[in-house]
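Try each one yourself before reading the solution.

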Amino acid sequence: MITVNEKEKVFHLNNGRISYLFYVMESGQLGHLYFGKVLNPGGSYLHMVEKAHRPMTTYINEGDLYTSYEHLRQEYPCYGTSDYRYPALEIQGGDGSRICRIEYQGYEIIKGKKPLSGLPATYTEEEDEAATLEIRMKDAWRNLEVILSYSIFRDVDAIARSVKFVNNGKEDLMINRAMSMSVDMPDADYQSLQLSGAWARERAVKVRDLEPGFTGVSSMRGNSSHQHNPFLALKRKNTTESSGEAYGFSLVYSGNFLAQAEVDNYQVLRVMLGINPFGFSWNLEPGETFVTPEAVMVYSDEGLNGMSIQFHRLYRKRLARGFWRDKERPVLINNWEATQFDYVEEDLLKFAGKAKECGIELFVLDDGWFGERNDDKRGLGDWKANREKLPGGIEGLSEKIEALGMKFGLWFEPEMVNKDSDFFRQHPDYIIQTPGRSVSHGRNQFVLDFSRKEVVDAVYEQMYELLSKAKISYIKWDMNRSISECYSSAYPAKRQGEIFHRYILGVYALHERLIKEFPELLIESCSSGGGRFDAGMLYYAPQGWVSDDSDAVERLKIQYGTSFVYPLSCMGAHVSACPNEQVGRRTPIETRGNVAYTGAFGYELDLNKLNNEEIEVVKEQVEFYRKNRKFIAAGDFYRLLSPFEGNFAAWEIAEPDGSRALVTVTRILSEINGAYRRLPLRGLLKNRKYHIQSKYISYDAYGDELMQFGLMLEDKSSGQVIDGSGGCQDFLSLIYEISAK
Ligand code: GLA
């Protein structure tokens, strides 16, 4: 998968479907040649280098009026020598100089892929699933070694990149900017696509035309954020979900990030992704190494959905890991929206008992079970059961839940503390704060300084105590505020730029320890819903709570946007009560179920409050999900109608071999006397006959008809009240099961 033209010093990564090419320039810097659909491995590609003499340019060699880094497409651009675009790397030496020039030293090809120490990363299980190219570069003047690593996957159209720095010199170096990847694309005729939003409306799809200057998204919050996801895609203007070129760039990281596209005045496009340089610096002492997080680049000529399917395949199987990766996820019920902080053990047992009756497999006890936690002003940090609420502690409750025939799960917010807690009273110095300045709170809570090992250890010990004694099969790991006044009293002044990154390394280290100690524990990540829903977390927690907004109509958009990068297996999606807690909307229970099926399914309400008819629906839903969950988690996901663009949302899950599909169609508002509707499907076999079954229709058709002419949506959806039962038919959703005959 990796070929090297030794004479021309051209490196070609190629898996038969995508190619990535770069070369060593005469100056020793690396130049970028190509990233996209596969090119012939035998070709010679140096003629792709474009350079021209242009006015007002700075050239690197005296007497030469052509060679300027400003006009050469580069592979990992450094600051300071004739390139005026934003660099991937900026290093400052003891002399104060920020100039850096890294030159090629050699390369190594490795079978498979190496892990990134302390960081989440994609991996291989067998050596021939991927090949890795490591390019050794050096800034001779500073004696800094820079190793650029590229892994190309055999079965997925993705390349994973990271960069390692080794200070072989005698003086400290300050890394001010070290992006995980940079690509200089030969034209800028693209639109960028980002996933942006806010609390309760995460990951909305936003598309903009690229123009000279910058386009990008970032986080400076310490978590990847509700506001912007660490991801950026590029698409041609005519690219659709199913056709045309699309590039996706995803960062496997949960902290501050920057994803940026810069168009220069000659229409050259530089894309980069990595730790946000704002607020970041890393003091690299002689002998020390620093490794960037991993960036994953995907190319597809089958549209945006083609790009998403590549991410899903890689992230589901070779980023998520461990005991639960391929296992059927339990149908869970969580008590948060039903009870908030107000419950005692008896209530919980009734709550769980009813859930068991409906076939639910896991009861999750959310916030409020520990310390003096009767509201959100106190208790965080004291991870011991509140005996007034739970007389037998977590041990007692978990045994009772297991006796009911269910598994037991527990909520934690390990990174946080309230000032009103024993933990804070014992360790007031454990929070992130800048000495002498006031410290802001979020939801009355403060952030523990996870850049310090002793702080992480103290939290681990409390968690270990519970997890080793009680029957806990699952934890929901929450994180309900961003970091402010970032400073750690444990580090010297020159290391304060490291704290945000060290904090995330501390979070990862705690995850790793828990996974090692309790390998069968299922972890669901959460951050006030989807505030840290990123590829980094997916390495530790195979599922995450997509959003605190559990309304089925809002979830159409949130889950649709999330699916651009993340597989269904990781999207926590629950049926909640009506009227909905966040938006007050009333939706049919069938619609709530249909939307929540497309993820790691569960409930977020008190089933004792439902009537008998609704309980019967819940039982059917649980049964339906249990029957289909393996297929839902592993199928190819197709977005068919965007809720961002119209009154309908539709998506399809298809077995990769085309043998079956499940289609969900949701009409948001009722229509009267509207158009006839057909819905072209995807991922079926042209010549195969299928049976189509929904609540209202049943017919047979060949795959070609279903993909070309489309699935017949029943006439009634064109406008009449669909089941004739009267009443409001807003928010109507139907499932179509398509099975090969
Ligand atoms: C966050 C989570 C919710 C719930 C509450 C509990 O908001 O996203 O699901 O766990 O915290 O305080």
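**Exercise 1: the ligand**

How many Å separate a polar side-chain atom of lysine 476 from an oxygen atom of the ligand? Keep in mind that you're working with a predicted model.

*Solution.* Now pick lysine 476: a polar atom of its side chain is 2.7 Å from a ligand oxygen. Next, go to glycine 529, where a backbone N or O atom lies 2.9 Å from an oxygen atom of the ligand. Finish with tryptophan 545, which has a side-chain N or O atom 3.5 Å from an oxygen atom of the ligand.

**Exercise 2: asparagine 594**

Find the helix that holds asparagine 594, then decide: is this residue buried or exposed?

*Solution.* First, locate the residue: asparagine 594 belongs to helix H10, which covers residues 589-597. Second, apply the cut-off: buried means under 20% relative accessible area. Asparagine 594 has a relative accessible area of 7%, so it counts as buried. Third, look for a polar partner: its side chain makes a polar contact with the side chain of serine 733, at 3.0 Å. Last, list what asparagine 594 touches, leaving out residues up to four places away in sequence: Thr664, Ser733, Leu734 and Ile735.

**Exercise 3: the sheet**

Work out the strand order of the open sheet made by E1, E2, E3 and E4. Which strands are at its edges?

*Solution.* Trace the pairing: the 4 strands are ordered E1-E2-E3-E4, with antiparallel pairing. The edges are strand E1 (2-5) and strand E4 (30-37), each of which pairs on one side only. From one strand to the next, the twist averages 15°. Now zoom in on strand E3 (residues 18-24), which runs antiparallel to E4 and is joined to that strand by 7 bridges. Here valine 24 stands opposite leucine 30 in E4.

**Exercise 4: the cores**

Which residues of the largest nonpolar core touch the most other members?

*Solution.* Some background first: nonpolar side chains tend to be buried together in soluble globular proteins. The largest nonpolar core has 195 residues, and Phe165, Tyr315, Leu365, Trp369 and Ile394 touch the most other members. Take phenylalanine 165: its contacts beyond four places in sequence include Tyr76, Leu89, Leu144, Ile175 and Phe290. Apart from this core lies another, of 22 residues, including Ile309, Tyr638, Phe648 and Leu684.

Definitions and conventions:
Residues are numbered from 1 along each chain as its sequence is written. This is a predicted model: local features need pLDDT of at least 70, side-chain atom pairs count only at pLDDT 80 or more; totals for chains, interfaces and linings use all residues. Side-chain values use heavy atoms; hydrogens and water are left out. Two strands pair if DSSP finds at least two bridges between them. Helices (H or I, at least four residues) and strands (E, at least two) are DSSP runs, numbered from the N terminus. Axes are lines fitted to C-alpha atoms, for helices over the stretch in contact, and angles run from 0 to 180 degrees between N-to-C directions. A nonpolar core is a set of buried Ala, Val, Leu, Ile, Met, Phe, Trp, Tyr and Cys residues joined through side-chain atoms within 4.5 Å. Buried means under 20% relative accessible area, exposed over 50%, partly exposed in between (1.4 Å probe, protein chains only). Contact means heavy atoms within 4.5 Å. A polar contact is a pair of N or O atoms within 3.5 Å; within protein, one must be able to donate a hydrogen and the other to accept it, and residues adjacent in sequence count only if both atoms are side-chain atoms.
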